[in-house]
Amino acid sequence: MKKIITLSIVTSSLALAGAYKVPEQSLNSMALGAAYVANTKGADTAYFNPANMAFMPSSQYMEAGLTWAHLPRNTFRGFQAYSATEVYPADNESEIENLQLPFLHYVSNPIDKLRWGASLTVPGGLTKRWKDGHQKLFAEEFTLKIIELNPVASYKISDNLAIGGGLRLIYSEGVVDSDGGDIKPIKREMKGDTIEFGYNLALSYRPIKDVNLALTYRSNIDLKEDGDANLYLSNVGKQYNTSVTVPLPASLNLSASKKFIDKYTVEVNYERTYWSAYKKLDFKYGSDIQSALVEPFDKAKPKKWKDTNTFRVGISADVTKNITVMGGYSKDESPIDKKYISYELPDADANIYSLGVRVEASDTLSWGIAYLHDEKDKIKIKAGENISGITGTFSNGGADLVALSMQYKF
Amino acid sequence: MTRKIKGVALSLPLLLIIGCGDLDQPKNEKVKGGEVVVNFSAPLMKKTLISKGVIDANRTVFGYKAFKIPYTTTDEEGNEVEASGLFVIPTGMPSYISKVGLSMVSDDHGTIFANDEAPSVIGDNNGAPDGSAIILTSMGGFATLQADYIGFGESNRHYHPFVQKKSLANATIDFIKTVKTFASDNNITLNNQLFITGYSEGGYAAMATLQKIESDGELTVSMATPMAGPYDLNITAFGVFSQPTLSVPSFMADVGYAYAKTYGKEVSSVINEPYASKLPALLDGSLARPDIDKELTKKTTGKDGLFNPIFVKDFFQNPNSWFREAMVENSVHAWSPQTPIKLIHCEGDDVIPFAISQLTEGTMRAMGAKDVSLVPVESKLKLDVNVTHSECGVLAYKVTTEIFSKVREAMIKQAMAQQ
């Protein structure tokens with residue numbers, strides 16, 4: 001397998017804000033619950049709305065930060081059915097995940113009407129580990145790490161209209177381990193990675209003073225994780241070349257912001273995420289695998305995710321000349337129907353609450369801290385409702401995130 | 001300050017860079033001289049057999065651990081060939097067995113065409129118990145040895161010398177010798193009991209093996225149970241060529257092809273075109289029997305038949321026909337074995353007539369064999385109906401396992417008494 005550069009600090013990734021896409025990639029975006037597209041200000045403008053770079057005062061901007069994410073246990077209470085006559089109690093809890101996610105943004109000085117910038121982010125990912133029980137057969141570990149380098153440029157068409165766009169360079173790693181343990185004598189260890197490309201576009205319009213309108217689009221990128229898989233049948237394993245493709249879906253953001261009495265800014269945001277690109281999870285092997293393993297490990301698993309809507313509102317207040325307080329709320333929709341939900345990502349609709357503060361320590365340096373709480377709804381699955389034989393209730397889950405960052409202007 | 005921040009920003013991505021390792025190879029048990037390809041514990045084996053309706057819950061079942069073992073043997077022309085076989089041992093056996101050791105059964109497989117039907121290839125590809133070794137090992141508690149034969153497994157590039165006694169016997173005997181070394185190297189305790197069996201082509205191979213073992217004098221066989229083999233090839237060939245149609249054309253096409261190759265004849269002098277030209281591809285191990293049969297005619301001979309009419313005419317009319325001499329040379333029914341033999345055969349066999357075993361029993365007795373008997377499967381199992389060749393296999397293996405078990409039991413009792 002090819003040796004690939006990776007980001008070791010991203011020891012794992014997280015599922016947040018709709019399946020495995022992570023929109024919060026800076027201090028401001030986390031504090032505002034990702035209601036941060038029309039009224040972007042700092043170096044993170046390069047990522048959230050590159051068109052807005054055209055309106056930024058002449059200077060260079062940089063932001064570097066780190067997000068600590070705590071993912072509590074998912075709790076499952078219920079049964080796992082393998083057939084009509086094989087139904088087992090399957091109460092269990094997934095592992096706690098504590099993760100660190102870096103972000104880095106930069107915006108250059110303008111060159112006439114042009115400006116460029118770049119971001120290094122973790123725009124998606126998930127990890128779910130079940131260390132025992134029936135869940136281990138499906139997702140002993142299911143990890144998808146995604147790292148994006150996003151060079152962008154903007155062009156100022158007029159004083160109130162700008163466009164932007166960029167190239168998305170994605171490096172991704174996938175780990176899929178499943179182990180039947182005492183339940184079924186089968187086991188899979190899979191590791192793969194890939195480099196993929198996409199693009200993003202942005203449009204900003206400022207019709208009147210203190211009102212910003214924005215539209216951004218990020219393209220779908222199919223992550224074809226190429227690697228190896230060890231498949232075991234009753235403790236005897238063989239290695240196969242393997243690939244599996246999952247999409248990092250396209251998303252469309254429509255945002256509007258309004259500043260009031262020169263102090264308060266409210267932004268509303270609507271995001272459409274095109275999760276319907278995720279139709280199936282289909283592992284491909286370089287050669288025929290053992291016949292007893294075809295059903296669990298080779299047969300494509302239908303996903304049939306649906307496109308989702310997310311509504312966000314964010315408010316920021318300049319409480320003093322140097323201190324800005326921010327808060328946000330999002331209503332996030334899960335793309336996964338109960339019929340297709342599985343242990344690797346028991347995702348549910350969520351309410352997301354966030355707040356944060358940014359302090360300008362000097363004319364050039366500022367720092368801040370933000371906190372976000374993701375509250376997932378329970379998922380209740382009735383007998384016969386799920387194609388993987390899951391009957392019961394998923395609860396807890398969600399996430400708590402803290403981001404620390406420094407911004408520098410020079 | 002500016003420099004510091006720039007430095008941190010620039011070095012952050014570098015700090016993050018690290019090599020990503022490959023996925024390690026599967027952590028399989030290491031053995032000397034082979035590899036573990038199947039390892040089903042006794043409880044798993046029992047659960048599997050119950051779920052398939054093979055046994056009930058009261059039946060004792062042993063685990064199934066199979067090793068793919070490479071070894072060297074010799075083909076019909078005397079050339080060394082790198083071959084392979086499957087060695088299956090029971091696990092979860094009673095503790096006294098470790099003192100007594102496992103009894104070996106050399107089990108020669110029946111006619112196959114596709115390489116992935118060979119025992120070691122099945123084990124390697126499927127990772128699951130398969131075929132007669134389930135009966136012999138998991139239900140019978142024997143160590144089962146299955147040579148792939150030349151032409152399959154590691155020697156897949158070599159043509160398979162179909163029903164040719166020298167190479168079949170070599171492949172089997174060399175595998176038995178290799179397994180003995182393998183077992184010694186890997187702390188698997190075997191006793192001195194060696195049983196020989198096989199079904200269909202395997203029945204023929206078992207008889208050829210026994211004949212060579214007795215001729216060489218290196219190994220001792222406790223008992224042989226050849227099952228439904230074409231021991232008298234000459235009579236079999238007369239029977240087949242006398243019929244206007246072939247029930248399974250691939251069998252006789254393989255005979256014609258393999259014998260032409262071994263005896264240095266043009267395949268087209270034996271098999272009519274276009275079939276002669278097709279056979280190298282049809283018999284290269286990539287196809288299974290049904291796919292090969294589809295490409296052949298069922299008509300035995302004539303201009304549009306499978307066999308060249310000149311060849312068939314020569315076989316019938318010329319006592320010195322090379323093929324007739326080859327059939328006689330490769331027949332394994334006319335000798336006087338010293339080892340106890342039980343010829344197991346279904347009376348309803350529609351491919352290898354029961355009469356072949358009757359003839360073999362009579363011939364061997366007439367030539368002085370003292371312990372040769374015929375075991376009709378239907379009578380032994382008290383069945384009301386006659387059973388065909390394909391349905392007989394499983395039943396024949398059950399009968400064989402029962403017969404071998406009784407011999408083994410006597411040996412174990414004797415060994416325990418001596419302790």
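Helices here are DSSP runs of H or I with at least four residues, and strands are runs of E with at least two, each numbered from the N terminus. With that in hand, we can begin with chain B of this predicted model. Chain B has 16 helices and 10 strands. Along its principal axes, the C-alpha trace of chain B spans about 105 × 65 × 40 Å. Of its 419 residues, 48% are buried. If you take the contacts in chain B with a separation of 6 or more, 75% of them join residues 24 or more positions apart.

Now turn to chain A, which contains four helices and 25 strands. Its C-alpha trace spans about 70 × 40 × 30 Å along the principal axes. The radius of gyration of chain A is 22 Å, and this agrees with the value near 22 Å that a compact globule of 410 residues would have. Buried residues make up 53% of the 410 residues in chain A. Among the contacts in chain A with a separation of 6 or more, 69% come from residues 24 or more positions apart.

One residue to look up in chain A is Thr143(A), which sits in strand β8, residues 141-158. Is Thr143(A) buried or exposed? It has 21 other C-beta atoms within 10 Å, and a residue counts as buried when that number is 20 or more, so Thr143(A) is buried. From there, follow the chain to Ala162(A), 19 residues apart from Thr143(A) in sequence. The C-alpha atoms of these two residues are separated by 38 Å.

Back in chain B, find helix α5, residues 132-139. All eight of its eight residues are buried, so α5(B) is largely enclosed by the rest of the structure. Those residues are Ser132(B), Ala133(B), Ile134(B), Ile135(B), Leu136(B), Thr137(B), Ser138(B) and Met139(B). What do they pack against? Their partners in chain B are the helices α2 (42-51) and α16, together with the strands β3 (63-74), β4 (80-91), β5 (102-108) and β6 (143-147). Just after α5(B) comes Gly141(B), which takes a positive phi of about 80°.

Let us take one of these partners, α16(B), and look at how it meets α5(B). Helix α16 of chain B covers residues 389-418, and its axis lies 9 Å from that of α5(B), at an angle of about 25°. Angles under 35 degrees count as roughly parallel, and that makes α5(B) roughly parallel to α16(B). The crossing of the two helices is right-handed. On the α5(B) side, the contact is made by Ser132(B), Ile135(B), Leu136(B) and Met139(B), while α16(B) brings Tyr397(B), Lys398(B) and Thr401(B). An α-helix has 3.6 residues a turn, so residues three or four places apart point the same way. Sorted by class, this contact has four nonpolar, two polar and one charged residues.

Helix α8 (residues 233-242) and helix α13 (residues 322-330) of chain B pack with their axes 7 Å apart, at an angle of about 135°. The two helices α8(B) and α13(B) are therefore oblique to each other. Here Leu233(B), Asn234(B) and Ala237(B) of α8(B) meet Arg324(B), Met327(B), Val328(B) and Asn330(B) of α13(B). The residues in this contact divide into four nonpolar, two polar and one charged.

Notes:
Residues numbered from 1 in each chain as written. Chains lettered and ligands numbered in written order. Predicted model: local features only at pLDDT ≥ 70, side-chain atom pairs only at ≥ 80, totals over all residues. Axes fitted to C-alpha atoms, helices over the stretch in contact; angles between N-to-C directions. Parallel < 35°, antiparallel > 145°, perpendicular 65-115°, else oblique. Left-handed = near helix turned anticlockwise from the far one by under 90°. Contact = placed C-beta atoms within 7 Å. Nonpolar A, V, L, I, M, F, W, Y, C, P; charged D, E, K, R; others polar. Buried ≥ 20, exposed ≤ 12 C-beta atoms within 10 Å, placed from the backbone. Rg over C-alpha atoms; globule rule 2.2 N^0.38 Å.
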